[in-house]
Amino acid sequence: MSGPILCLERVKVTYDGMLVLDAPSFEIQEGQILAVIGPNGAGKSTLLRLLGLLEGPTEGRVLFRGQPVQSYGNLLAVRRRMASVFQEPLLTDGTVEANVALGLRLRRIDSVEVNRRVQEGMATLGIGHLAKRRTRTLSGGEAQRVSLARALVLDPEVFLLDEPFAALDPPTREGLLVDLKAILDKRRITTIFVTHDRNEALALSNQVAVMIGGRVLQIDMPERVFAEPLNEEVARFVGIETILRGHVQSVSQGLATVEVPGWALEVAAPLTPGERVLVCLRPEEITLFPRGATLTTSSARNQLYGRVIRHLPAGSTYRVTIDCGVLIVATVTRQSWEQLDLHDGAEVVAAFKATAPHVIHCA
Amino acid sequence: MELIWQGTKQAVLLLIHGDPEVLRIMLLSLQVSGTATLLSLLIGIPLGTILALSRFPGRGIAISLVNTGMGLPPVVVGLFVSIFLWRSGPLGFLELLYTPTAIVLAQLVIAGPVVTGLTVAAVQQLNPRLRMQLVGLGASRLQVVYLLLKEARLPLLAALMAGFGAVVSEIGASMMVGGNIYRQTRVLTTATVLETSRGNFDMAIALSLLLLLLTFGVNVTLTWIQQRGRTP
């Protein structure tokens, strides 16, 4: 197996003395599609600019194919083996065709080859019919397709995308996401993709890195990052809203009893008595019943009594916050909400299986 | 009103008959102001681009100075260029005073800051992320500058028009460093003043109309170049 295509070694970036990126070690493997997710201001775009050689680190070094980028002598030559796409399409004034050809012309590739690759690139992104259109007449989605085509015709060894769908409306975003995924799957380009949208990361990537506060806190397969976050910050960012602090009281036959304020929870996880843990519950793992109703979910070993304190619409569901002594957030379909006659102030039972929680070991 | 009407009629006749002196004055104006504008572009565009794109201590002050220079009174420019070009001045050995070259130099001092200041504004009004995008597509430093200037070509043409407009219409500097010498340094503005002071209003109006026509012709051409292929 070949080494990483890009690597950061003991890299730090500071702006006006403020540390915005701290990456002791960070590697991108060939063919990897890495989504870098994190809240605004986490340092994602800085990381991307560093990997794209668009800015240098304050400390540490960037390696491309095992060699420090400075050792290539000509940074431009390394940069020309990559291509970047940003949130704004940033097209130049002119035709679509001329924009798609821009990077190739900068590399002084001969006209016949430029023309061939431009036609192919426009066809791949479904913008062949726009070839002669002026870029300022394009819609947001069309412009972003031109921007993607302009980068992809360069046949880059590393493809860097900084929130390319963030400014698009949901249907346009979805269409472009599907097309881009097909292209990346087919061409197996090493891709680093920055987003704050968890669903985009899940749809496009085969690895996810979670960045918070300038540090990469977890990097793993998307399913694992979302199901098994390594710490509380990652857990909160990947959508786990109920995080209960407790300690392991006892363990018997693979089932641990974890004491959280006011409750003893049964959790199926390899734990040691006395250990301090965080019990993480996704909203969709929790089922709600009106208090006094007969529970049909016999395997829900944990049943917490409480009162609904608020509910917020979220598409076809409600996000319901229940005060059980600890706050628990559950998702309920609108239909169930009405059928169960739930309302703010209603007394309910929040039930979940012993296998539902993800447990984070506290230091 | 009668005076203006008579003057205008005689002016049109002068123009139709192609008075050689009037034509000579017009060509010298075009040559001097055109050269000064061209030189101001050669200096102002690179300087303005550097000021717009680079970061260095004192950059803010430098831009403020350029912006102040955009409003330099031509008479003041004329005075200082004269002092420099006097026989006893630092550049006196060049013996340029009262030559068309002296007018070009003075007009360059007037148009230079206009072109530089408007170039700074033209480049700075571009999306700042465009520069990074171009680098991200593999553009070299020179290619980035070329593409940014190409993107800013509309406001840059406006800078060209403003620079030309500033020098073709000024009188103080041309009078002071050129001396308004017959058949040598007489340009449209200085000649208009002279003919007016002599009471030759037909000639003065003819020269004024020519100045307006010249400015209009140059600006129509530049506007056509600026606006072609653009729809509102």
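**A sheet and a helix in chain A, then chain B**

Let's start with the sheet. Five strands of chain A make an open sheet, ordered β15-β19-β16-β17-β18, and the pairing is antiparallel. Which strands stand at the edges? They are β15, residues 287-290, and β18, residues 327-333, both of chain A. Each has a single partner strand, so one side of each is left without a neighbour in the sheet. From one strand to the next, the twist averages 45°. Keep in mind that this is a predicted model.

β15(A) runs antiparallel to β19 of chain A, residues 347-352, and four bridges join the two. Thr287(A) sits opposite Ala351(A) of β19(A).

Next, a helix. α5 of chain A covers residues 140-152, which is 13 residues. From first C-alpha to last it reaches 18 Å, close to the 18 Å expected at 1.5 Å a residue. Is α5(A) mostly covered or mostly open? Mostly covered: 11 of its 13 residues are buried. Among them are Glu142(A), Arg145(A) and Arg150(A), along with Val146(A), Leu148(A) and Leu152(A).

On to chain B. Its secondary structure comes to 11 helices and zero strands. The C-alpha atoms fill a box of roughly 65 × 50 × 25 Å along the principal axes. Chain B has 232 residues, and 39% of them count as buried. Last, its contacts. Take those between residues at least 6 apart in sequence: 77% join residues at least 24 apart.

Technical notes. Residues are numbered from 1 along each chain as its sequence is written. Chains are lettered from A and ligands numbered from 1 in the order in which they are written. This is a predicted model: local features need pLDDT of at least 70, side-chain atom pairs count only at pLDDT 80 or more; totals for chains, interfaces and linings use all residues. Two strands pair if DSSP finds at least two bridges between them. Axes are lines fitted to C-alpha atoms, for helices over the stretch in contact, and angles run from 0 to 180 degrees between N-to-C directions. The expected span of a helix is 1.5 Å times one less than its number of residues. A residue is buried if 20 or more other C-beta atoms lie within 10 Å of its own, exposed if 12 or fewer, and partly exposed in between; C-beta atoms are placed from the backbone. Two residues are in contact if their C-beta atoms, placed from the backbone, lie within 7 Å.
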